[in-house]
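Hello,

Here is the structure I said I would pass on. My notes on what was found in it follow below.

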Amino acid sequence: MSEPPLLAVRHLDAFYGDFQALFDLSVDVQAGEAVAVVGANGAGKSTLLSSIAGLIRTRRDAVTFDGATIGGTPAHTIAARGIALVPEGRALFPSLTVEENLLIGGQLKRPGYWNLRRVHELFPMLAERAHVPSTTLSGGQQQMAAIGRGLMSNPKLLLCDEISLGLAPIVVRDIYARLPMILAQGTSLMLVEQDVVQALKATQRVYCLQEGRVALAGAAKDLTREAIAAAYFGV
Amino acid sequence: MERDREAPMIDWINVILQGVLVGGLYAMFAAGLSLIFGVMRLVNIAHGDLIVLAAYVALVTTETLGVGPLTSLALVVPLMAVIGYALQRLVLNRTLGEDLLPPLLVTFGLSVIIQNGLLAVFTADSRKLQAGDIEVATIRVFEGVYVGLLPLLQFAIAVAVIAALQFVFYRTALGRAFRATADSQSVAQLMGLDNRHVFALAMALSLAVVAIAGVFLAVRANFDPAIGPARLIFGFEAVIIGGLGSLWGTLAGGVVLGVAQAIGAHINPGWQLLAGHMAFLVILAVRPEGLFPRART
């Protein structure tokens, strides 16, 4: 690729206190791409997203986004630069209604395609349940609200942390069916997933993490199930 | 003093009305405290002293500029708001974290500093702001029942302030930011909110309300540098009686406290404060979550 990637993670080490979760990790996302990061529990997938989003401190040059080194800068400034994280477990604000959750996602007022009306077009049930507390939604609905909240800031890069977690397969398929529309509007995607099958279908490239390191990387269509299983479990 | 045996009911109505109106003052003491605890779980031990500080700022303003207490609000409110923003940003933000103790210790120290600072500058002399004729004016509600115009006005302003705070919290982007940051600081950051700034704005709002409470206090009663902690107690009691997390509950709490004190005082003047504390203890024992707690899902 002659163009520099939109997101470049280089030699990232991440720690929780004294515990090292990521070792010398390097991943890329090109503009317009959907990239999957798969791996078993504890492999470091969420840590990777938290480090990119600024919730975990890193070296300044470990994360480069849109030409600027952003590693270790405060999370709210990283959000302002155009990275939105859909956290694991949805993490909607319980004190806010569904619509208020979407509105606060748009707090930054970054210009772009996504606004309240268009998020409602993408996820119509959010319009129907606009004024109820966000905690009364079902798991799938909460996931849609969390993704919608991320889109409201018109990010260049949307980081999704295990959006299939705890959801029925039909609900997961329904959500994944909307991802192409998000890509079509110019937002790049990094999907962290335990559901490898779904992740392979939705993305162009895949990284497989194992114990904090990249065990396998390649185009989604090129990787065999066996290779991924081996990298996933480390056998 | 001989009580009019033919209309003890009228007496009690007057007493309770007075208590309700004093409740407005107590609600003003409490509202800023409630707000800060709701947004950042910070218990501000210096809250009462900040009310007294505002009273002295109003005093200086009225004396140097020659304006009335109501007009002085135009200066005292913004000034206290700026002090609140700076206090939070420079000092209190550093104390926030997992542990509840550091903010308590720091605000306790702040309380001591404010009291002694005021003592050094203004001496222990009792002061009061003059509001003119309004202080003694009364309105006749019906036969035998009168309310003071000033207490009525203060109650009306207290209701307006609480309504305004409710509006800010539930109908503005700033209020959304407050509630979201209170829910989860880390996820709020993902929305682009700078927690340090959000907390500082909350403290600025709290001290703006404190400024109003301080001017109320200064007009209503004599004040000196040492009366802060007692106001803090009334504020706490109003918040706890009303229920944590509910601003209208804080108004109700203030009214319950005021009425309890008034009833106690009417039976025996020495029982005024005790009656208020008893009411607080009864509520705490019977319904510890308060009268109108906001259920947190």
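Two strands are counted as paired if DSSP finds at least two bridges between them. Please keep in mind that this is a predicted model.

Chain A, the sheet. Strand β1 (residues 7–16) of chain A and strand β4 (residues 63–65) of chain A are joined by three bridges and pair in the antiparallel sense. One of the residues involved is A:A8, whose bridge partner in β4(A) is A:T64. Both strands belong to an open sheet of four strands in chain A, with the order β2-β1-β4-β5 and antiparallel pairing. β2 (19–29) and β5 (68–69) of chain A each have a single partner strand, so these edge strands are left with one side that has no neighbour in the sheet. Helix α1 (residues 45–53) of chain A lies across β1, β2 and β4 of chain A, and its direction is at about 110° to β1(A).

The contact between the chains. Chain A contributes 22 residues and chain B 17 residues. On the chain A side, α2 (75–81) and α3 (98–105) are the elements that give two or more residues. That side is made up of 15 nonpolar, six polar and one charged residues.

Chain B, a helix pair. Helix α2 (residues 47–65) of chain B packs against helix α4 (residues 101–122) of chain B with the axes 9 Å apart and at an angle of about 25°. α2(B) is therefore roughly parallel to α4(B). Their crossing is left-handed. B:D49, B:L50, B:V52, B:L53 and B:Y56 from α2(B) meet B:S111, B:I114, B:Q115, B:L118 and B:F122 from α4(B). By class, the residues of this contact are seven nonpolar, two polar and one charged.

Regards

Notes: Residues numbered from 1 in each chain as written. Chains lettered and ligands numbered in written order. Predicted model: local features only at pLDDT ≥ 70, side-chain atom pairs only at ≥ 80, totals over all residues. Contact = placed C-beta atoms within 7 Å. Axes fitted to C-alpha atoms, helices over the stretch in contact; angles between N-to-C directions. Nonpolar A, V, L, I, M, F, W, Y, C, P; charged D, E, K, R; others polar. Parallel < 35°, antiparallel > 145°, perpendicular 65-115°, else oblique. Left-handed = near helix turned anticlockwise from the far one by under 90°.
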